[in-house]
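Hi,

Here is the structure I promised to pass on to you. Have a look at it first, and then read my notes below.

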Amino acid sequence: MSMEEMTQLVTATGASFDRMWMQMMIKHHERAVAVARTELSQGSNGEAKQLAQAIIDARTKEIATMRALLKSALK
């Protein structure tokens with residue numbers, strides 16, 4: 001997140017804060033998934049690859065949950 005985005009988040013309240021926080025967390029998780037996929041394709045350590053897959057699995061589910069929240073509860 002940029003400093004500007006963080007400043008906006010700090011000053012937001014209520015539903016606006018919730019929406020901004022969720023959008024930022026989705027971006028954060030998407031980046032984590034991308035990095036984990038790089039580990040799977042380029043890494044060689046079996047334990048690191050297992051961790052990368054666990055991160056992909058968990059963060060993908062969390063992203064889906066956050067997107068659903070944005071569509072329903074946080075309109």
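Which residues form a nonpolar patch on the surface? They are M1, M3 and M6, and together these residues have about 320 Å² of accessible area. Before you go further, please keep in mind that this is a predicted model.

M1 has a relative accessibility of 40%. Since buried means under 20% and exposed means over 50%, M1 therefore counts as partly exposed.

Now for the chain as a whole. Its secondary structure consists of three helices and zero strands, and along the sequence the pattern reads α-α-α. The radius of gyration is 15 Å, while the globule rule gives 11 Å for 75 residues; the value for the chain is well over that, so the chain is more spread out than a compact globule. If you want dimensions for setting up a box, the C-alpha atoms fill roughly 45 × 30 × 15 Å along the principal axes.

A few totals may also be handy for you. The accessible surface of the chain is about 5,300 Å², and carbon and sulfur atoms contribute 58% of that surface. Buried residues account for 20% of the 75 residues. As for contacts with a separation of 6 or more, 50% of them are between residues 24 or more positions apart.

That is what I have for now.

Best wishes

Methods:
Residues numbered from 1 in each chain as written. Predicted model: local features only at pLDDT ≥ 70, side-chain atom pairs only at ≥ 80, totals over all residues. Heavy atoms only, no water. Patch = residues over 30% accessible without salt bridge, like charges linked within 9 Å, V, L, I, M, F, W, Y side chains within 5 Å. Areas by Shrake-Rupley, 256 points an atom, 1.4 Å probe, with all protein chains shown as cover. Salt bridge = Lys/Arg side-chain N within 4 Å of Asp/Glu carboxyl O. Buried < 20%, exposed > 50% of the residue type's maximum accessible area, 1.4 Å probe, protein only. Helix = DSSP H or I, 4+ residues; strand = E, 2+ residues; numbered from the N terminus. Rg over C-alpha atoms; globule rule 2.2 N^0.38 Å. Contact = heavy atoms within 4.5 Å.
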